[in-house]
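User: I am new to this structure and would like to learn how to read some of its features. Could you take me through them step by step?

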Amino acid sequence: MDLHLDLDTAPGRSLRARAEHALRDAVRSGRLAPGTRLPATRALATELGVSRGVVVEAYAQLAAEGYLDTRRGGGTRVAAGGATAADQPRPLPGDRPLHRSRAGGSGEMDGLLYDMRPSLPSTDGFPRQAWLQALTRVLRTLPDERLGYGDRRGEQELRTALVGWLARRRGVVAGPEQVLITGGLRDALPLVWRMLRARGARRVAVEDPGWWRIARSAEAAGLEAVPTPTDDDGLRPDRLRDVDVVAVTPAHQFPTGAVLHPERRAALVAYARAHGAYLLEDDYDAEFRYDRQPIGSIQGLAPDLTIHAGSASKSLAPALRLGWLVLPSGLTAELQDDDPASPAGTPPTLDQLALADLIERGEVDRHLRRQRLRYAKRRAALLAQLEEQLPALQVRGAAAGLFAVLALPPGAHEDDIAQRAAHEGVACEPLRAPGRTGLVLGYANLPEPSAPHAVRALVRALARTP
């Protein structure tokens, strides 16, 4: 196809810049409609009279900006909504549209909604082809009788695959009989609290600040949630007082980004042993560490006291609704009964078997390596822009996970600033930590070219907030 791109009149000093501008203009104007398949790089290079590398780089840049969608084996197409992505805010899934002012905006990417919510991974990196192939293999080989109701604890194949994978990657010590497949920690919490309450638990230490659902679900189960302070080294074991369970996120605390200090890990295990308490370890994004290998799980230090919770939400995609609990051997007897209070819905058998297939074939490891590289680049781009445009503000949080914390001056109204940022097109969250103010900035969905514009919008939000 002839794209009718005129590089002679396009602005830019280099051929690559002119090619990018001409393609971008064709998409934004609607001349190239969403879904339009673009020529192969070699064919377009011949048409334009430039080297193939110019077209390859132009395609890559526009894919990073969200204008194009490049998939292996599927060619390059104009992304859905690409014609208007640069001119209109895009509503976030599950949220009301963010209304924003364009006053004071500048730059060709003004109008984009920069999704910097800390809870979201980069779903555009989901290994669609590998997942489809895994499902196909499962459907070809699965006996008809396996299409009935599955094991309430989860399919044996997935529990076995997870035992090896978690032992290798997280240092978890367990057998398949200790693994329970769930729809994620949110769905599993009622079961956890029920089991622990049956063992006599009455008080649960929760991180302050922390994920609000831990405390709320414990209270709904009739337990007392006891706020326990956290600082830059994570939860403080010295502030534990007469609790039966400690809920902790040691690898990357939410929302502060702290990593639990080794001495505190040991102190936490010592407390649990001395007081007969259980530890609930939320290992929600421990796969992503950029300065060194991820630290091991607390479960590896105390398998008999720790309930280890993980999921595929951050590593693959939240839409899978696949998670797991690794229970101490002393609690596995609770799973033998056909209890209607068991998991609120075991994930579909086919999805469980597909995930087991991907783990066994090494596809999940390969995907995580790709995602870790992608996130490291996006994190570096965001930090560089924060240092350049907001040098007076400190960035906190370890080189891990999917977010960083921008510390604000004492007395700053972080909720107002977050709301102002929404009007400027940036979706982020206030820190809401006792004695500290800040913004929690996710970078998983912020491509490197978008970082300067997103931070510029934050600068405007800060400037316009009393």
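This is a predicted model: local features need pLDDT of at least 70, side-chain atom pairs count only at pLDDT 80 or more; totals for chains, interfaces and linings use all residues.

User: How should I read the packing of helix H1 and helix H3, and at what angle do they pack?

Analyst: Two packed helices are described by the angle between their axes and the distance between the axes. Here helix H1, residues 15–28, packs against helix H3, residues 52–64, at about 50 degrees, and their axes are 9 Å apart. The crossing in which H1 passes H3 is right-handed.

User: Which residues of H1 and H3 meet?

Analyst: From H1 come Leu15, Arg16, Ala19, Glu20, Leu23 and Arg24, and they meet Val54, Glu57, Ala58, Tyr59, Gln61 and Leu62 of H3. Sorted by class, this contact of H1 with H3 has seven nonpolar, four charged and one polar residues.

User: Turning to Arg436, is this residue buried or exposed?

Analyst: A residue counts as buried when its relative accessible area is under 20%; Arg436 has 18%, so Arg436 is buried. Arg436 sits in the loop between strand E15 (429–430) and strand E16 (438–442).

User: What does Arg436 touch, leaving out residues up to four places away in sequence?

Analyst: Its contacts include Pro209, Asp231, Asp232, Arg396 and Glu414, and Thr230 is also among them. A polar atom of the Arg436 side chain lies 3.0 Å from the backbone oxygen of Thr230. Arg436 and Leu408, 28 residues apart in sequence, are 8.0 Å apart in space from C-alpha to C-alpha.

Technical notes: Residues are numbered from 1 along each chain as its sequence is written. Side-chain values use heavy atoms; hydrogens and water are left out. Axes are lines fitted to C-alpha atoms, for helices over the stretch in contact, and angles run from 0 to 180 degrees between N-to-C directions. Helices (H or I, at least four residues) and strands (E, at least two) are DSSP runs, numbered from the N terminus. A crossing is left-handed if the near helix is turned anticlockwise from the far one by less than a right angle, and right-handed if clockwise. Contact means heavy atoms within 4.5 Å. Ala, Val, Leu, Ile, Met, Phe, Trp, Tyr, Cys and Pro count as nonpolar, Asp, Glu, Lys and Arg as charged, and the others, Gly among them, as polar. Buried means under 20% relative accessible area, exposed over 50%, partly exposed in between (1.4 Å probe, protein chains only). A polar contact is a pair of N or O atoms within 3.5 Å; within protein, one must be able to donate a hydrogen and the other to accept it, and residues adjacent in sequence count only if both atoms are side-chain atoms.
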